[in-house]
Amino acid sequence: MTTQAATETSFASAFDRVGAHFIDVIYFDGGRYVIAAGVLTLFLFICKTWADNRRIQRKRKASAADYRREILSSGRTILVFAVTTLATLIGREMGIINLKLENAALLTITWQFALIVVVHDAYFYWIHRAMHSKRLFKATHLHHHKSRTPTPWTAYSFSSAEAFFEAAFMPLFLLATSQLGFAYAGFAILFFLWHMIIRNVMAHAGSELFPAGWVDNRLTSWISTTTHHDLHHSSGHNYGFYFTWWDKWMGTEHPRYKEEFRKNAKPIFAAGRLPGSLAERLSVTVMALFAASIALGGPFAGIETGIL
């Protein structure tokens, strides 16, 4: 077989295998979105009094038209994500992206998960700020900001252009790490994907999900809250995703962020039964443990990695 024929066969084989994964990718990404947004919506509906007491934008509510727009545009986002994911799959098939799908050591999964979260937070901050520039905003980010009052379904409500920029992170990150000489663990990627969508719907919940005292505790104040991102939708500032680091460093954090958070947040444990300071400390501890469980994959840790 000639070199040209071998190359053509290799490409054809790679595309055949990638095509077989395409529907699985749509199913997985769509499933993540529907499960995360659906569970949180159900929680906010069942616990309506709890949610209303923590509502961030008290004078404005999302309309039925907002929900329809968000869900419909999220379907488009899932399709764009699936198409963009093909770059990762093709790269893996051609050997330029290394993924370690067999079992990896827990320590490896842990540090790789932490690394991708930190890098993604930086990527999101800067791509988010870029999309807010006058040249790019209308073509990329305006659609997302039609949701002035976010809902859990806002999480994937992007224009096609923004969906592409969001999805481009994964193949770019994996290509870079592969060129640096190490293979990424499949479970580290899996945990990251679930962590990303859960934090995304939490950021758009519309009610403050984090307990009182969160922004005043030095061990948790650097982790962004629902109010942090809600302020971005209602009045600008706050371009970060998981952490408040970049907004603090770049001077883009909302000047009244902590003040607004304190207005919205309540302790998980009733302050009437416990001293106020103790109720806050216990609430922050419980929420921090819950956040840690999300970071470790939570109940989704056993989902099949074969779709990667």
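Reader: How many salt bridges does the count come to in this structure?
Author: In this predicted model, local features need pLDDT of at least 70 and side-chain atom pairs count only at pLDDT 80 or more, whereas totals for chains, interfaces and linings use all residues. Residues are numbered from 1 along each chain as its sequence is written, and side-chain values use heavy atoms, with hydrogens and water left out. A salt bridge is a side-chain nitrogen of Lys or Arg within 4 Å of a carboxyl oxygen of Asp or Glu. By this rule the number of salt bridges comes to eight.

Reader: With which residue does Arg32 form a salt bridge?
Author: Side chains of opposite charge can pair when their charged atoms come close. The closest N and O atoms of the pair are 2.2 Å apart, and the partner of Arg32 is Asp29.

Reader: Are Arg32 and Asp29 buried or exposed?
Author: Buried means under 20% relative accessible area, exposed over 50%, and partly exposed in between, with a 1.4 Å probe and protein chains only. Arg32 has a relative accessible area of 2%. Asp29 is at 7% relative accessibility, so Asp29, like Arg32, counts as buried.

Reader: Which residues are joined with Lys263 into one network of salt bridges?
Author: The side chains of Lys263 and Glu259 meet at 4.0 Å, N to O. Lys263, at 48% relative accessibility, counts as partly exposed, and so does Glu259, at 40%. Both lie in helix α11 (residues 257-264), four residues apart, about one turn of the helix. Through salt bridges that share partners, the network joins Lys263 with Arg256, Glu259 and Glu260.

Reader: How many helices and strands does the chain have?
Author: Helices (H or I, at least four residues) and strands (E, at least two) are DSSP runs, numbered from the N terminus. From the N terminus on, the elements run α-α-α-β-α-α-α-α-β-α-α-α-α-α. The chain therefore has, by these DSSP runs, 12 helices and two strands.

Reader: What percentage of the residues of the chain count as buried?
Author: The chain has 308 residues. The share of them that count as buried is 49%.

Reader: What is the volume of the largest cavity?
Author: A cavity is a set of points, on a 1 Å grid over the protein atoms alone, where a 1.4 Å probe fits but cannot get out; lining residues have an atom within 4 Å of a point. Points are joined across faces, edges and corners, and a volume is the space filled by probe spheres set on them. The structure holds four cavities of 30 Å³ or more. The largest has a volume of about 590 Å³.

Reader: Which element gives the most to the lining of the largest cavity?
Author: Of the 37 residues that line the largest cavity, those closest to its centre are Asp29, Arg32, Phe81, Leu193 and Met196. Two or more lining residues come from each of α1 (3-46), α3 (64-93), α4, α6 (160-167), α7 (169-179) and α8 (186-203). With six residues, the element that gives the most is α8.

Reader: How many charged residues are in the lining of the largest cavity?
Author: Ala, Val, Leu, Ile, Met, Phe, Trp, Tyr, Cys and Pro count as nonpolar, Asp, Glu, Lys and Arg as charged, and the others, Gly among them, as polar. The lining has 22 nonpolar and 11 polar residues, and its charged residues number four.

Reader: Which element gives the largest share of the lining of the second largest cavity?
Author: The second largest cavity has a volume of about 60 Å³. Its lining residues include Arg199, Ala203, His228 and His229, and the lining divides into two nonpolar, six polar and one charged. Elements giving two or more residues are α8 and α9 (226-235). The largest share, three residues, comes from α9.

Reader: What distance separates the C-alpha atoms of Asn98 and Ser178?
Author: Asn98 is found in the loop between α3 and β1 (99-100), and is partly exposed because its relative accessible area is 31%. Asn98 and Ser178 are 80 residues apart along the chain, and their C-alpha atoms are separated by 5.5 Å.

Terms used: 1 Å grid on protein atoms, 1.4 Å probe; cavity = no way out; pocket = protein on both sides within 12 Å on 5 of 7 lines; lining within 4 Å.
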